[in-house]
Amino acid sequence: MLRIKSIPLFPILVLAGYCLIFQSILIAGTTGKIAGIVKDAASDNALVGANVQIEDTKLGAAAGLDGNFSILNIPPGIYTLKITMMGYKPIIIEKIRVQSDLTTFVKAELNETILTSEEVITIEAERTLIQKDMTGSLISVSDDEIENLPVTDIT
């Protein structure tokens, strides 16, 4: 007859609990967060969709409906934040210190500006010789070609 010894469950649960606690301690403290709000300087209204980017990184966010934004998983250090929105002057906030497990709050107020543009470039489209989605034959004649024909009436 084969006997199977049972293993007590309590020590296994205690060991698993210790592993979970120590794992969270090892993971904690590796990144920080920048959060804030973007508003119009004149009217104090929230600027929905303002772009917030940490310069020289790929990290950034867009302001929500209430103008709030948050950028997560930022390695500790000192950063420069660039905030832009169409119709407003961009601002740059320097020396923002990000610390592990802490949130750095930033309040930004953008001033309106008049949009200017460069010269308009005109591109003329050309018709392709072969139309790939046409299944039958088609002959088209432009008005320039009709005027150049050696005829006096349409018939």
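1. Residue I21 lies in helix α1, which spans residues 9-27. The model discussed in this note is a predicted one.

2. The relative accessible area of I21 is 48%, so this residue is classed as partly exposed. I21 also contributes to a nonpolar surface patch of about 420 Å².

3. Strand β1 covers residues 32-40 and is mostly covered, with eight of its nine residues buried.

4. With strand β4 (residues 68-74), β1 pairs in the antiparallel sense, and five bridges connect the two. G36 has F69 as its bridge partner in β4.

5. With strand β7 (residues 103-110), the pairing of β1 is parallel and extends over eight bridges. Here the bridge partner of I37 is K107.

6. How many salt bridges does a search of the whole structure find? The search returns one. A salt bridge joins K39 to D44, and their closest N and O atoms are 3.8 Å apart.

7. Is K39 buried or exposed? K39 counts as buried because its relative accessibility is 18%, and the cut-off for that class is under 20%.

How values were computed
Residues numbered from 1 in each chain as written. Predicted model: local features only at pLDDT ≥ 70, side-chain atom pairs only at ≥ 80, totals over all residues. Heavy atoms only, no water. Buried < 20%, exposed > 50% of the residue type's maximum accessible area, 1.4 Å probe, protein only. Helix = DSSP H or I, 4+ residues; strand = E, 2+ residues; numbered from the N terminus. Pairing = 2+ DSSP bridges. Patch = residues over 30% accessible without salt bridge, like charges linked within 9 Å, V, L, I, M, F, W, Y side chains within 5 Å. Areas by Shrake-Rupley, 256 points an atom, 1.4 Å probe, with all protein chains shown as cover. Salt bridge = Lys/Arg side-chain N within 4 Å of Asp/Glu carboxyl O.
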